Amino acid sequence: MMAKYSNLSLESHNISLNEHSNMPVEKNITLERSSNVELTCQFTTSGDLNSVNVTWKKGDELLEKNFYLINVTGNTLYTQYKFTIVNSKQMGSYSCFFEEKKEQRGTFNFKVPELHEKNKPLITYVGDSVVLMCKCQDCLPLNWTWYRSNGSLQVPVGVAVSDKYVIDGKNANETRLKIMQLSEEDQGSYWCHAIFQLGESEERIELVVLSYWVPLKAFLGIAAEVVLLVAVILLFEMYTQKKKKPSDDGKEFEQMEQLKSDDSNGIENNAPRHRKNESVGQ
């Protein structure tokens, strides 16, 4: 099989296990085009290697023994599986199993490159234009497509039937969707699909379209809170002034009474003195 595709590149990967391994070992492998593949698992044990049972699976499907090799060197057992991946059906997980006292497993996961974009929603306003972008780092998709969520379905963006959308990209590893004259109906989830020889990868971009009333409402809300606060402060000041005024009137009344009392005392003190002067004159 591999001889038939000798012109393809070779992907060689290995996993090491031993009798003390507590968890399965996994290795992720990214492929975007057809390749020859060599997967090797090695298992080291202090026990009898002849009693170790070796098997391979693709997903849950058991592979025939004539598809892989088994060798023993010292206290290490090697098994190798060679094959060629030429389509998406051959992608997925391939696992080697070593059954001794307990089962040890190593798994190779094959997948196409992933798209990594910001997960934060893209926020814009009615009437504006926006550009959605997807990029594949260190890979070159054969093609790009854009979809929009419609309930549970993904509907292709209608570039051919509407001048509202424009799709382009400066480089083969990126794509841009420009949406013009935005309305609130344009809000929702958009998906970019990168198409590879061995499958597809997708990324979701959430678009939020706001009316200009939204920020204005927030401003009016803040202004109303400020007006309310000022009104409360003024009412409190007025209440405080009214409360102080009776107290001030009382103080003035007390001062007037005190003056009257002082005047009365003055008259009483002068009366004896006047009578004394009259006696002396006689």
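A: At 44% relative accessibility, R33 counts as partly exposed. A residue is called buried under 20% relative accessible area, exposed over 50%, and partly exposed in between, with a 1.4 Å probe and protein chains only as cover. Please note that this is a predicted model, in which local features need pLDDT of at least 70 and side-chain atom pairs count only at pLDDT 80 or more, while totals for chains, interfaces and linings use all residues. Residues are numbered from 1 along each chain as its sequence is written, and side-chain values use heavy atoms, leaving out hydrogens and water.

Q: With which residue does R33 form a salt bridge?

A: Side chains of opposite charge can pair when their charged atoms come close. The rule asks for a side-chain nitrogen of Lys or Arg within 4 Å of a carboxyl oxygen of Asp or Glu. Here the partner of R33 is E32, with the closest N and O atoms 3.5 Å apart. E32 counts as buried, because its relative accessibility is 15%.

Q: How many salt bridges does the rule give?

A: The count comes to six. Among them is the pair of E114 and K111, whose side chains meet at 3.3 Å, N to O. E114 is partly exposed, with a relative accessible area of 41%, and K111 is also partly exposed, at 33%. Another is the salt bridge of R204 with E206, where the closest N and O atoms are 2.6 Å apart. R204 is partly exposed at 41%, and E206 is partly exposed at 25%.

Q: Is T76 buried or exposed?

A: T76 counts as buried, since its relative accessibility is 10%. This residue lies in strand β7, which covers residues 76–85. Helices (H or I, at least four residues) and strands (E, at least two) are DSSP runs numbered from the N terminus.

Q: What does T76 touch?

A: A contact means heavy atoms within 4.5 Å. Leaving aside residues up to four places away in sequence, T76 touches Q42, F43, T44, L49 and N71. With T44 there is also a polar contact between the side chains, at 3.2 Å. A polar contact is a pair of N or O atoms within 3.5 Å; within protein, one must be able to donate a hydrogen and the other to accept it, and residues adjacent in sequence count only if both atoms are side-chain atoms.

Q: In what order do the strands of the open sheet of three lie?

A: Two strands pair if DSSP finds at least two bridges between them. In this sheet the order is β11-β15-β14, with antiparallel pairing. The edge strands, β11 (130–135) and β14 (165–168), each pair on one side only.

Q: How is β14 joined to β15?

A: A hairpin of five residues leads from β14 to β15. Four bridges join β14 to β15 (residues 174–179), and the two run antiparallel. In β15, the bridge partner of Y165 is I179, and that of I167 is L177.

Q: What can be said of the whole protein?

A: The protein has one helix and 17 strands. Of its 282 residues, 29% count as buried. Among contacts with a separation of 6 or more, 67% are between residues 24 or more positions apart.
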